[in-house]
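Subject: Handover of a structure and findings

Dear colleague,

Please find the structure below, handed over for your own work. My findings follow it.

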Amino acid sequence: MKKGGFLGVTAAVFRKDTSSEIRTRYALNALFLFTVTTLSIILFSFQSSTVPVQVHAGLLWVLIFFAAMSGLSRTFITEEDRGTILLLKLSTISTPVYYGKLLFNVLLLIALTAILTVLYAMVLPGFIVLSVPTLCISLFLGTVGLASASTIIGALIAKANARGTLYPVLSFPIVLPLLLTVIRATTIAMEQEGWDAAMDEYRVLISYILAINAASYLVFEYIWKD
Amino acid sequence: MKVFQAILGFWLTAVILCAFLFPIVPEITRWYEFPVIPGLEQKARILFFHVPLAWTSVVGFVVSVIFAIRYLRTKKLDDDIRSSSAAGLGLLFCALTTITGSIWAKFSWGSFWNWDPRETSIFVLLLIYGAYFALRSSVQEDDKKATLAAVYAIIAGVTMPFLMFVMPRIIASLHPDPIINTQGKVSMNGTMLTVFLSSLAGFTGLYFWIYSLTVRLARLEFKRSSEGE
């Protein structure tokens, strides 16, 4: 192992990805414009009609899901496209690279979800939340789970051809249990007070996050070596 | 193999005959009669075909994941052939489960598709199989294809229990279920249970018979294509 140890390499990969993102602002710009475009389509189609809370919870997660699908696969694909993956393979070991990129994706998606939810609540007056803590916890857990699944599928897809179309196709069945649960949790946040109203959903989300990360930890090495 | 085929043929014929011909009566007096299940009546007979089909589609998935893990350990392409053949058959059984279930739902619940938790999970299994083969067809090199497919199968295998066991417990289901869902429990008598379990065993046998055939076929095709190069 090179200097810095496990955490050091993880932090270095994270720093590298963050600074290259800050230099180009590719993902951030693309994701922000994606959000604005999609939100305006939703606004055009709703006009002034009122919709039930489940529709709001579902739409919010449709937005987050497709934002994740358009932004999160980049971390591995750019390495592959720029040819930097060979250098990265030479100078590091597999697992810390994965965790560095996972950390980057989680923080990117959390930032994006925060902006997106605030924008959504601002432009759609029907989005009324009774329990803000429930909403925050479910958004946080859902985002972490979605980013974890997207990262490992992104690593997988970087090796395949026809990446753009394949990415949502491969991710959707994997994240569907998460999406169904988190949409329920968001609906509960809009209907009931108290942060513990969605306790069962939190448990499912946490176990999903643990399961997907354990699997990713075990299989990433095989994708990386290939 | 010949003996196995003969036994399997005889076994499944017996199961199908029993499943269709044994009468369903309110009061059981003879050994070959099935009890009436409220709300299902004659429609209960689908139990002997639909549930074993669903079971085999999950067995196919599990076999595929097991050989995917073995492929990653051994890196022998034969394990990948086994894994993808199991998945291919699983896809076939999964499609049959969806079709039989959907026809039954039309007559029991009034519409072909209701997004019942079980319907959702079989639909997602169908999507996983579809994504698995889409991924395979997008990679040309054999060993790379095998590795990526194996990794995807394992990740999908980790999330599958959430759909199979967790979601139906959180979301209310209308599904009559003899194994998992205790609220919608189907009360079977001994005869019905025997026929049901025999059908389960028979369909599992059928799965492994077709599976061994497809593996042999896939091996031959692989041999021919590698000789052609």
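The second largest pocket has a lining of 19 residues, and those nearest its centre are Leu176(A), Leu180(A), Ile183(A), Trp115(B) and Thr120(B). Please bear in mind that this is a predicted model.

**The second largest pocket**

The space in this pocket comes to about 420 Å³. Both chains contribute to its lining: α3 (53–71) and α8 (163–191) of chain A, and α4 (117–137) and α5 (142–170) of chain B, each supply at least two residues. Of these elements, α8(A) provides the largest share, with seven residues. In terms of residue class, the lining of the second largest pocket is made up of 15 nonpolar, three polar and one charged residues.

**The interface of chain A and chain B**

How much area do chain A and chain B bury between them? The value is about 2,600 Å², and 82% of it lies on carbon and sulfur atoms. In chain A, the residues that lose the most area to chain B are Leu156(A), Pro173(A) and Tyr222(A), which together make up 20% of what that side buries. The contact involves 28 residues of chain A and 27 residues of chain B.

On the side of chain A that touches chain B, two or more residues come from each of α7 (132–157), α8 and α9 (199–225) of chain A. Here α8(A) gives the largest share, eleven residues. By class, the side of chain A that touches chain B consists of 21 nonpolar, three polar and four charged residues.

**The cavities**

How many cavities of 30 Å³ or more does the structure hold? There are two.

The largest cavity has a volume of about 60 Å³. Its lining consists of Phe61(B), Ser64(B), Ala87(B), Ile128(B), Tyr129(B), Tyr132(B), Tyr152(B), Ala153(B) and Ala156(B). Two or more of these residues come from each of α2 (47–74), α4 and α5 of chain B. The helices α4 and α5 of chain B also each supply at least two residues to the lining of the second largest pocket. Eight residues around the largest cavity are nonpolar and one is polar, with no charged residue.

The second largest cavity holds about 40 Å³ of space. It is lined by Phe76(A), Glu80(A), Ile85(A), Ala155(A), Ala158(A), Lys159(A), Phe220(A), Ile223(A) and Trp224(A). Elements that give two or more residues to this lining are α4 (74–82) and α9 of chain A, and α9(A) has the largest share, with three residues. The helix α9 of chain A is also one of the elements that give two or more residues to the side touching chain B. Around the second largest cavity, seven residues are nonpolar, none is polar and two are charged.

With kind regards

Key. Residues numbered from 1 in each chain as written. Chains lettered and ligands numbered in written order. Predicted model: local features only at pLDDT ≥ 70, side-chain atom pairs only at ≥ 80, totals over all residues. Heavy atoms only, no water. 1 Å grid on protein atoms, 1.4 Å probe; cavity = no way out; pocket = protein on both sides within 12 Å on 5 of 7 lines; lining within 4 Å. Points joined across faces, edges and corners; volume = space filled by probe spheres on them. Helix = DSSP H or I, 4+ residues; strand = E, 2+ residues; numbered from the N terminus. Nonpolar A, V, L, I, M, F, W, Y, C, P; charged D, E, K, R; others polar. Contact = heavy atoms within 4.5 Å. Buried area = accessible area lost by both parts, 1.4 Å probe.
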